[in-house]
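Reader: I have a model open here and would like to go through it with you. Where do we start?

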Amino acid sequence: MSAAADFPIFATMVTDLLDSRSLAEQRAEELDRLLAEVEALHEPDSNGDCPTCLTEAPCVTFGLLHRDLTFERACVNVRDRTTVDLTAIEQPDRPVVPRLAALLATPNPAMDRAFAALIGKSVDPPND
Ligand SMILES: [Zn+2]
């Protein structure tokens, strides 16, 4: 009788580990290709500017990819740059999202009753 027949659970474990390693290697290759593509997109042109970001050099994404910048440093670098309002460009008919302060300032009798019930206080029912 073979060892695999004596210990079928170990044979299954080894097979599963081999499958997992194969999947992990495939995933690593996919990520390597993706990283190379992103690096190519943000490769500086002859003026040192990024052809993808279209922002002033140096490209923050390129710096992050090459670990020249920390994430915090990248945030500081782009903080004062003018932003593009993609929602206004891509969805001009989209209704304005109300501000949180405006939503909270709107009277909400149901919420008042819920809080009153929570603290054990009775509230007059609405007059409608
Ligand atoms: Zn870039």
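**Helix 2 and the overall fold**

Author: Start with helix 2, residues 8-41: at 1.5 Å a residue its 34 residues should span 50 Å, and its end C-alpha atoms are 50 Å apart, which agrees. The expected span is 1.5 Å times one less than the number of residues. Helices here are DSSP runs of H or I of at least four residues, strands are runs of E of at least two, and both are numbered from the N terminus.

Reader: Experimental or predicted, and how are residues numbered?

Author: This is a predicted model: local features need pLDDT of at least 70, side-chain atom pairs count only at pLDDT 80 or more, and totals for chains, interfaces and linings use all residues. Residues are numbered from 1 along each chain as its sequence is written.

Reader: What about the protein overall, how many helices and strands?

Author: Seven helices and zero strands. The C-alpha trace spans about 85 × 65 × 30 Å along its principal axes. The radius of gyration is 29 Å, whereas a compact globule of 128 residues would have one near 14 Å; the radius is taken over C-alpha atoms, and the globule rule is 2.2 Å times the number of residues to the power 0.38. Buried residues make up 3% of the 128.

Reader: Switching to loops. Where is T52, and what does it touch?

Author: T52 is in the loop between helix 2 and helix 3. Leaving out residues up to four places away in sequence, T52 touches L41 and H42, contact being C-beta atoms, placed from the backbone, within 7 Å. T52 and H42 are ten residues apart in sequence and 5.9 Å apart in space, C-alpha to C-alpha. T52 is partly exposed, with 14 other C-beta atoms within 10 Å.

Reader: And what is the phi of R67?

Author: R67 has a positive phi of about 60 degrees, although it is not a glycine. Most residues other than glycine have a negative phi. R67 sits in the loop between helix 3 (60-65) and helix 4 (71-79), and R67 is exposed, with 7 other C-beta atoms within 10 Å.

Terms used. A residue is buried if 20 or more other C-beta atoms lie within 10 Å of its own, exposed if 12 or fewer, and partly exposed in between; C-beta atoms are placed from the backbone. Two residues are in contact if their C-beta atoms, placed from the backbone, lie within 7 Å.
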